[in-house]
Amino acid sequence: MKKSGIYNSQIARVVADMGHMDWISIGDAGMPVPTETPKIDLAIDRGLPGFISVLENVLTELAVQKIYLAEEIKTQNPSMLEQIQKIFDGTVEIEYIPHTEMKENLQKNKAFIRTGEMTPYANIILESGVVF
């Protein structure tokens with residue numbers, strides 16, 4: 001049994017398979033996921049698990065060099081944006097894109113992790129970095 005990090009076997013497998021510049025997404029319960037993108041569904045109830053707790057867990061094992069957020073998060077969910085900015089603390093580049101583009105980009109992701117988050121625009125694309 002693993003001693004720490006990501007316990008969910010599906011998420012752990014995807015993170016272990018990530019290469020430099022690959023994408024994985026974490027998002028709210030309402031994000032439409034393309035059929036061809038593997039969806040790891042963690043949602044068990046309204047708000048469970050929350051977006052931030054899943055993001056923090058994934059970051060225990062994934063090196064991230066850039067993140068993509070919906071432009072709309074700035075006005076529609078500024079408290080979530082503030083939490084995300086605090087987690088990354090200026091250590092990665094943030095690119096804001098229209099939410100419609102984010103939905104289209106899900107096709108390029110190795111997986112989408114669906115949380116129980118029920119706040120608008122709580123979605124992120126993580127671009128994998130390297131550890132050397």
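Predicted model: local features only at pLDDT ≥ 70, side-chain atom pairs only at ≥ 80, totals over all residues.

Trainee: Is F132 buried or exposed?

Mentor: Exposed means over 50% relative accessible area. F132 counts as exposed because its relative accessibility is 87%. Together with V130 and V131, F132 makes a nonpolar surface patch of about 410 Å².

Trainee: Which residues of helix 1 are buried?

Mentor: Buried means under 20% relative accessible area. In helix 1 (residues 9-17), I11, A12, V14 and V15 are buried. They lie on the same side of helix 1, because they cover an arc of only 165° around the axis. S9, R13 and A16, on the other side, are exposed.

Trainee: What do the buried residues of helix 1 pack against?

Mentor: Their partners are strand 1 (23-27), strand 2 (39-41), helix 2 (51-58) and strand 5 (112-114).

Trainee: How many salt bridges does the structure hold?

Mentor: The structure holds 7. One of them joins the side chains of K110 and D22 (3.7 Å, N to O). K110 lies in the loop between helix 5 (99-105) and strand 5, and D22 in the loop between helix 1 and strand 1, so the pair ties together parts 88 residues apart in sequence. A network of salt bridges links D17, D22 and K110.

Note on methods:
Residues numbered from 1 in each chain as written. Heavy atoms only, no water. Buried < 20%, exposed > 50% of the residue type's maximum accessible area, 1.4 Å probe, protein only. Helix = DSSP H or I, 4+ residues; strand = E, 2+ residues; numbered from the N terminus. Arc of directions from axis to C-beta. Contact = heavy atoms within 4.5 Å. Patch = residues over 30% accessible without salt bridge, like charges linked within 9 Å, V, L, I, M, F, W, Y side chains within 5 Å. Areas by Shrake-Rupley, 256 points an atom, 1.4 Å probe, with all protein chains shown as cover. Salt bridge = Lys/Arg side-chain N within 4 Å of Asp/Glu carboxyl O.
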